[in-house]
Amino acid sequence: MAHGSDRRHHSHHHRHGIRYRIRRWVKHNKKWFAFCTVFSVCIVIGMLYLINNTYKRQVSYHVTSSNSIDVGTGYRNITYNGQDYQYNNLVTSILVIGVDSTGTMEQTAYTEAPRADSVNLVVIDKYNEKITILAFNRNTQTEVHRYTVAGTDRGTYTTFLCYAYTYGDGLEVSCENVVTAVEDLLGGIPIDEYVAANVSSLSYINSMVGGVTVTVPNDDLSDEYPELSSGAVVTLDDSNIEAFLRSRDLYSHFSNDSRMERQRAFMTAYADQFIDCVSEDLEGVWDGLQQVDDYAVTSITRSQYITLANLLGSIDFDEIEYITPEGEDVVGEEHDEFYIDEEALMDTIIDLFYIAV
């Protein structure tokens, strides 16, 4: 019993000694102790702020957050119609978005951005030595993320592909929302970069290559623009380029189809002339692109531009292929609607992004 009492007394004395030494140290080091306390509190507050701010960004800057999700390897190895395929890692894709607005492109409130007039995916395939433009009908019915005015993600719903741009902020978030919608259409295949430009950019874009020379594919504009009659070979200028790319009969169903024919003529011709200009004067083209800066938004940096220019120069292709997904035009309640043939689209996806193994 005596020994137990001694142990308890010793333990009590030991704890008392520790508390005494701590109080004594604090008394003689008040300034240092205060500094350490304040510093620790600041660290905790800072971490809480960082966590909270990150959460807010994930809620409001929804598209970037969703794009950051690791899509895994689900798209890399697939089996289709009994054949095994492997994703072609030598493919680079750039989404080119034509925006239905004029003037300087500026940030808007969510849901108040303009619509996308055209959505084209440029697929550069170094493995197969080919360049393809996959042109989506803006009226394509597909899953699109929609958001509140404050930017909160309300999930997806089926609507027009062109509205994917509308639900963003008019700049990067709008572009990323269109990228997400097209990636979903393609079964999760990632898109590398994007470029969006509005109507005010057309004059600069056209003059950069000395005027695009096209073969007019239809007579839609011949009454107002006689030089744009079907079969005519015309070098577009400021007087007719906007009409050539944007005009359509608003009172005629499916008039977007014939407009897409003209956009096809322009895109394929422009891509050819642009590649020639880049090969002749890489820096000059980059300088020219800076003139479009107020009327365009892009994820492509100068270093990425040089990489892409070198990639284009390394591909020995005969011509640029232009593909519009097959599907059905339907008269909708308010606007014409287009429904993609999913089986035909899958065949296109296999052709553009996969290698049989």
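## Strands, loops and charged pairs in a predicted model

At 67% relative accessibility, Asn-81 counts as exposed, because exposed means over 50%. Asn-81 sits in the loop that runs between β1 and β2. Its phi is near 50°, which is a positive value in a residue other than glycine. These values, like those below, come from a predicted model.

Thr-111 is another residue of this kind: its phi is positive, about 75°, although Thr-111 is not a glycine. Thr-111 belongs to the loop between β3 (91-99) and β4. With a relative accessible area of 27%, Thr-111 is partly exposed.

### The chain as a whole

The protein chain contains 11 helices and 15 strands. Of its 357 residues, 43% count as buried. The chain exposes about 19,800 Å², and carbon and sulfur atoms supply 52% of that area. Among contacts between residues at least 6 apart in sequence, 66% join residues at least 24 apart.

Strand β2 (residues 83-87) and β15 run antiparallel and are joined by 3 bridges. Within this pair, Tyr-85 stands opposite Ala-356 in β15.

### Two residues in strands

Val-122 is part of strand β4 (residues 116-125). Is Val-122 buried or exposed? Its relative accessible area is 16%, and buried means under 20%, so Val-122 is buried. Leaving aside neighbours within four places in sequence, Val-122 is in contact with several residues, among them Thr-92, Ser-93, Ile-94 and Val-96. Ile-131, Thr-132 and Ile-133 are also in contact with Val-122. The C-alpha atoms of Val-122 and Ala-271 are separated by 9.6 Å, while the two residues are 149 residues apart along the chain.

Asp-336 is found in strand β14 (residues 336-340). Asp-336 is buried yet has no salt bridge. How far away is the nearest side chain of opposite charge? That side chain is Arg-248, and it is 5.4 Å away. A salt bridge requires the nitrogen and oxygen atoms to be within 4 Å. Not counting residues up to four places away in sequence, Asp-336 touches residues including Asn-139, Phe-160, Ser-252 and His-253. Phe-254, Ser-255, Val-330 and Val-331 are also touched by Asp-336.

### Salt bridges

Side chains of opposite charge can pair when their charged atoms come close. The structure holds 8 salt bridges. The table gives three of them.

| Salt bridge | N to O distance |
|---|---|
| Asp-351 and Lys-130 | 3.3 Å |
| Asp-220 and Arg-262 | 3.4 Å |
| Arg-246 and Glu-242 | 3.2 Å |

Asp-351 forms its salt bridge with Lys-130. Asp-351 lies in helix α11 and Lys-130 in strand β5 (residues 130-136), so the pair ties together parts that are 221 residues apart in sequence. Asp-351 is partly exposed at 38% relative accessibility, whereas Lys-130, at 19%, counts as buried.

The side chains of Asp-220 and Arg-262 also meet in a salt bridge. This pair links distant parts of the chain, 42 residues apart: Asp-220 is in the loop between β9 (213-215) and β10 (233-235), and Arg-262 is in helix α8 (residues 255-280). Asp-220 has a relative accessible area of 44% and is partly exposed. Arg-262 counts as buried at 1% relative accessibility.

Arg-246 and Glu-242 both lie in helix α7 (residues 241-246). They are 4 residues apart, about one turn of the helix. Arg-246 is partly exposed, with a relative accessible area of 23%; Glu-242 is partly exposed too, with 39%. Salt bridges that share partners join Arg-246 and Glu-242 with Asp-100, Asp-117, Arg-138 and Arg-259 into one network.

Notes: Residues are numbered from 1 along each chain as its sequence is written. This is a predicted model: local features need pLDDT of at least 70, side-chain atom pairs count only at pLDDT 80 or more; totals for chains, interfaces and linings use all residues. Side-chain values use heavy atoms; hydrogens and water are left out. Buried means under 20% relative accessible area, exposed over 50%, partly exposed in between (1.4 Å probe, protein chains only). Contact means heavy atoms within 4.5 Å. Two strands pair if DSSP finds at least two bridges between them. Lys and Arg count as positive and Asp and Glu as negative; His and the chain ends are not counted. Accessible areas come from the Shrake-Rupley method with a 1.4 Å probe; for residues, only the protein chains shown count as cover.
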